[in-house]
Each structure stands twice: as structure tokens, then as C-alpha cells.
Amino acid sequence: MTNLLPEKEKSILRQRQTEKIIMILGVVVFVGLFCLFLIFTSINIYLRGQVVSQEFSSDRIIKENKSPDFSTYQKIISDYNSDLAKIESFYKNQEYISSAINVLLGVSRPDNLYFTGFSFSLDSNDKSIKVSASGFSGTRDSLSVFEKNLKSEETIKNVYLPAESWVNQKDIKFSLTLEIKNG
Amino acid sequence: MDKKVLIISLVITILLVILSVFFVWPSLGQVEEQSRKLSYVRDTISAFDKEAVEIEKFKQNYNNYLPNLQEMSRMFVEPDNLVGFIEFLEKSAEESEVYVEVQPQVSLQKEAKTAVFGLSCSGSLSGTVNFLEHLERGNYLINVTNFSAINSDANKVESDFIIEVLTR
């Protein structure tokens with residue numbers, strides 16, 4: 001169909017058409033959003049009602065069941081649970097100095113070497129036992145063999161004998177430090 | 001011509017933004033908040049129901065559990081009654097054939113719920129180690145934090161311990 005209207009009229013018609021499209025789109029989106037708002041509001045009102053009713057029934061159930069007996073047993077259980085947690089944590093972190101002593105005394109020593117004293121202290125930071133010991137060795141070779149034996153023990157780390165322990169060739173009063181990790 | 005279309009578009013956009021920001025978005029937030037509240041209340045009821053069932057079971061079996069629970073309680077030293085613990089130390093020493101002396105300074109650390117004792121012991125090395133094992137693996141929750149020993153003669157060692165025991 002041929003449009004015989006003048007160009008100016010055509011342009012006005014096109015503009016009105018565009019305005020209509022924009023208005024219709026705007027109204028559609030507006031109505032959509034408004035419906036969404038109404039839906040959310042009604043859900044919100046429903047949920048508020050549910051919360052109030054559930055809170056009410058929760059209070060009622062708790063009141064009905066909370067007899068003095070209930071509270072007493074609740075406290076007993078809570079106390080024992082707290083004790084159990086302490087015991088578990090204690091055993092988890094416990095390091096046995098008696099085992100560390102047995103490890104040190106279990107390392108084979110040459111006949112002419114013996115301890116004259118030792119001290120064990122627990123290092124709770126790195127879960128190890130720090131040991132310092134003093135003793136007597138008949139010869140330097142015996143001390144050297146003992147040092148090798150200590151170093152070959154898996155649970156013993158950082159074996160250190162100060163330079164003074166190596167100065168004499170015979171009748172050595174030695175001291176040493178080491179760490180024991182029981183794993 | 002174009003200016004009119006632009007103004008209409010702008011007005012509609014502003015209206016839509018106002019509707020979204022001031023009405024739709026807050027109502028969505030409220031829905032979320034109410035859902036969370038509802039879920040919390042339902043969880044509380046469900047947790048209480050479970051707790052009630054467990055407490056009822058515990059109540060019915062309490063007499064069966066009691067000996068073990070009492071045994072567990074005895075693992076902790078009562079800070080107001082240290083005699084029982086000191087007697088345990090003396091008995092363990094006697095069984096290990098060593099002589100033990102408990103230092104009079106006992107430090108009670110109320111926050112950490114521990115009591116720290118110093119012990120001096122004399123006897124054979126094997127007896128001392130045995131005593132140490134008694135302490136560490138005994139009925140009380142004892143941590144030996146320091147142990148030092150010196151040979152006083154061929155068959156005797158003098159030792160000092162610092163022990164930490166859990167209290168109530």
C-alpha cells in the first residue's frame with residue numbers, strides 16, 4: 001500500500017508509534033515489578049505468621065518438657081561432656097617422660113660408659129622432650145660409639161656433645177643434650 | 001521529536017528504578033530474613049526434640065552408666081581435698097619401692113584447672129622409672145613436665161619431678 005501522506009505527517013506518525021512502544025514496554029515492566037513486589041510481600045506476611053506460630057509452639061514444647069528432672073539430667077550430661085573433652089584433649093597432647101627415659105636408657109652403651117645424671121623437660125610447643133645428661137666415659141672411642149648409637153635412634157634428634165667432652169682421651173666427664181619425640 | 005521520546009524513556013526508567021530499589025529489593029530482603037528466622041526456630045525445635053529423646057535415654061540408662069561416670073570423675077583431683085591424691089602418690093611410691101616426698105608448695109592454677117606439685121624421690125633407677133610410669137599411666141590425669149635425676153651412689157638415684165595434674 002502506498003503511503004501518500006506528506007513526509008512531515010509520516011514522521012509524526014513514526015514518533016507516536018515509538019512513544020506507544022516505549023509506554024507499553026514501560027507499563028509491562030512496571031506491572032511485572034509491581035506483581036513481584038506483591039508476591040514478595042505476601043510471602044513475607046505468610047513467613048512472619050509462620051515464625052510467630054513456630055516460636056509460640058517452640059516455647060510451649062520447651063515449657064512442657066522442661067521438668068526439674070530434665071534440667072538436672074541436662075546439667076549432668078553437660079558436666080560429663082565437658083570432663084570428656086578435657087580428658088580427650090589431655091590424652092591427645094600427653095607426652096610420656098617415662099617412655100623418653102626408656103628410649104635413652106635403651107640405647108646401647110659401651111661397658112665403660114655410664115650416666116651420672118640427667119634431666120628431662122617437656123616442651124609443649126613442639127611436643128618433644130628436651131634432655132640434658134651428664135656421664136662418664138672410659139675412652140673417647142666409647143663416647144664416639146655412644147654418640148653414633150644415639151644418632152641412629154629414630155626418635156632421638158639434635159644430639160649435641162659440646163667440644164669440652166672431646167678434649168680428653170681417657171676418663172672423660174661428658175655432657176650432652178638431645179630431643180626425644182615419642183611420635 | 002526525539003526529545004519527547006527521550007523524556008518519556010527517562011521518566012519510565014526512573015519510575016522502574018524507584019520501584020525496584022525502594023519496594024522490590026527490600027521486600028526480597030525481608031523474605032530472606034523471615035526465612036532465616038523460620039529455619040532457626042524449626043532447628044531449635046528439632047534440636048530440642050532430639051535432646052529430649054537423648055536425655056530420656058540417658059535417664060533410663062543412668063544407673064548402668066554411673067560406675068563409669070564416677071570412675072571418670074575420679075580422674076580429676078578435687079582442689080579442696082588433695083589428701084586422696086597425695087595418698088595415691090605415696091601408695092605408688094611404695095609399690096615402686098622408692099621414697100617420695102611431696103614439696104609443700106602446691107600451686108593451684110584455677111583458670112587452667114591444674115595443680116602443680118614438686119616431688120623429690122629417692123630409690124633405684126628402675127623403681128623411679130616405675131614410679132614415673134605409675135604417675136603417667138595411673139588413674140589421675142598427670143603430666144610430668146620436668147624430671148631430673150642424679151646418681152647418689154651405685155644403686156641409688158635422687159630425683160626431682162614437677163607434675164601437673166588436672167583439677168575440677
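**A walk through two paired chains**

Start inside helix α3 of chain A, residues 97–106, where A:I97, A:S98, A:A100, A:I101, A:V103 and A:L104 are buried. A residue is buried if 20 or more other C-beta atoms lie within 10 Å of its own, exposed if 12 or fewer, and partly exposed in between, with C-beta atoms placed from the backbone. Helices (H or I, at least four residues) and strands (E, at least two) are DSSP runs, numbered from the N terminus. An α-helix has 3.6 residues a turn, so residues three or four places apart point the same way.

This is a predicted model: local features need pLDDT of at least 70, side-chain atom pairs count only at pLDDT 80 or more, and totals for chains, interfaces and linings use all residues. Residues are numbered from 1 along each chain as its sequence is written, while chains are lettered from A and ligands numbered from 1 in the order in which they are written.

What covers the buried residues of α3(A)? The cover includes β1, β2 (128–139), β3 (156–160) and β4 (170–180) of chain A. It also includes α3 and β4 of chain B.

Now take chain A as a whole. Its secondary structure comes to four helices and four strands. From the N terminus, the order is α-α-α-β-β-α-β-β. Chain A has 183 residues, and 14% of them are buried. Two residues are in contact if their C-beta atoms, placed from the backbone, lie within 7 Å. Take the contacts in chain A between residues at least 6 apart in sequence: 60% join residues at least 24 apart.

Chain B has three helices and five strands. Its elements run α-α-β-β-β-α-β-β from the N terminus. Of its 168 residues, 20% count as buried. Among its contacts with a separation of 6 or more, 56% are between residues 24 or more positions apart.

Next, see how the chains meet. In all, 48 residues of chain B are in contact with 49 residues of chain A. On the chain B side, α1 (2–73), α3 (125–136) and β4 (142–153) each supply at least two residues. The largest share, 31 residues, comes from α1(B). By class, this side of chain B has 29 nonpolar, 13 polar and six charged residues. Ala, Val, Leu, Ile, Met, Phe, Trp, Tyr, Cys and Pro count as nonpolar, Asp, Glu, Lys and Arg as charged, and the others, Gly among them, as polar.

Follow α1(B) to its partner. It packs against helix α1 of chain A, residues 7–65, at an angle of about 15 degrees, with the axes 8 Å apart. Axes are lines fitted to C-alpha atoms, for helices over the stretch in contact, and angles run from 0 to 180 degrees between N-to-C directions. Angles under 35 degrees count as roughly parallel, over 145 as roughly antiparallel, 65 to 115 as roughly perpendicular and the rest as oblique. So α1(A) and α1(B) are roughly parallel to each other.

Strands link the chains too. Five bridges join β1 of chain A (residues 113–123) to β4(B), and the two run antiparallel. Two strands pair if DSSP finds at least two bridges between them. Within β4(B), B:I150 is the bridge partner of A:G117.

Finally, look at two backbone angles. Most residues other than glycine have a negative phi. A:N158, not a glycine, has a positive phi of about 50 degrees. A:N158 is found in strand β3 of chain A. Buried or exposed? A:N158 counts as exposed, because it has 12 C-beta neighbours inside 10 Å. B:E97 is not a glycine either, and its phi is positive, about 60 degrees.
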